[in-house]
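Let's take a walk through a protein model together. Have the sequence and the 3D view ready, and look for each place as we come to it.

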Amino acid sequence: MVVEPHFIVGIDLYLILLRRRKLLQNAYSHVRVCAQARAIENECFVVIAGSVGNLPRVHNMDIQYAQSGVFTPCDFALPTDGKRAEATPNTEMILVSDVDLDLLNELHTYGSVCNLKKTAGMTCMR
């Protein structure tokens with residue numbers, strides 16, 4: 001799923017959920033890097049989740065690779081690396097993470113980068 005910024009501007013977006021089934025680590029890495037980019041450019045939380053392991057008796061589900069994660073914009077009051085939480089790579093587990101939507105409101109008003117305002121054609125006052 002590719003989310004383009006011009007489709008998002010004008011709505012209050014706080015969370016993007018991505019569910020993916022990838023066979024190889026390089027395909028997973030593509031999804032992960034794009035998810036982190038969407039979190040930064042759209043100033044929102046992005047959650048990715050995938051299935052891991054194998055189902056030997058199910059057609060086309062023999063092997064899979066994933067690492068679930070919750071990504072944030074990189075700014076003050078948020079993780080500097082943009083990673084809120086991550087699961088252990090390619091391990092069956094449950095990932096639980098709290099996200100504070102009020103932090104996004106503060107980011108949109110006082111953050112150090114003005115992605116959404118510039119995309120909407122508004123003047124950045126920071």
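On a 1 Å grid over the protein atoms alone, a cavity is a set of points where a 1.4 Å probe fits but cannot get out, while a pocket is an open set with protein on both sides within 12 Å along at least five of seven lines; lining residues have an atom within 4 Å of a point. Before going on, please note that this is a predicted model, in which local features need pLDDT of at least 70 and side-chain atom pairs count only at pLDDT 80 or more, while totals for chains, interfaces and linings use all residues. Residues are numbered from 1 along each chain as its sequence is written, and side-chain values use heavy atoms, with hydrogens and water left out.

How much space lies in the largest cavity? About 80 Å³, where a volume is the space filled by probe spheres set on the grid points, which are joined across faces, edges and corners. The structure holds 1 cavity of 30 Å³ or more. Helix 2 and strand 2 are the elements that give two or more residues to the lining of the largest cavity; here helices (H or I, at least four residues) and strands (E, at least two) are DSSP runs, numbered from the N terminus. Strand 2 gives the most, with 3 residues. By class, this lining has 6 nonpolar, 2 polar and 2 charged residues, where Ala, Val, Leu, Ile, Met, Phe, Trp, Tyr, Cys and Pro count as nonpolar, Asp, Glu, Lys and Arg as charged, and the others, Gly among them, as polar.

Now follow strand 2 itself. Strand 2 (residues 45-50) pairs with strand 1 (residues 15-20) in the parallel sense over 6 bridges; two strands pair if DSSP finds at least two bridges between them. To get from strand 1 to strand 2, the chain passes through helix 2 (residues 25-41), making a right-handed β-α-β crossover: with the strands pointing away from the viewer, the path from the first strand over the helix to the second runs clockwise. Between these strands, R19 has A49 as its bridge partner, and R20 stands opposite G50. Strand 2 is also joined to strand 3, by 3 bridges, and these two run antiparallel. There, I48 has G69 as its bridge partner.

Of its 19 lining residues, S68, A87, M93, I94 and L95 are the closest to its centre. Strand 2 and strand 3 (69-71) each give two or more residues to this lining, and strand 2 gives the most, with 3. The lining has 10 nonpolar, 8 polar and 1 charged residues.

Just two stops remain. T72 lies in the loop between strand 3 and strand 4 (83-86). Is T72 buried or exposed? T72 counts as buried because its relative accessibility is 1% (buried means under 20% relative accessible area, exposed over 50%, partly exposed in between, with a 1.4 Å probe and protein chains only). Leaving aside neighbours within four places in sequence, T72 is in contact (heavy atoms within 4.5 Å) with residues including A39, F45 and L78.

L103, in helix 3 (residues 101-110), is partly exposed, with a relative accessible area of 22%. Leaving aside its neighbours within four places in sequence, L103 is in contact with A77 and L78.
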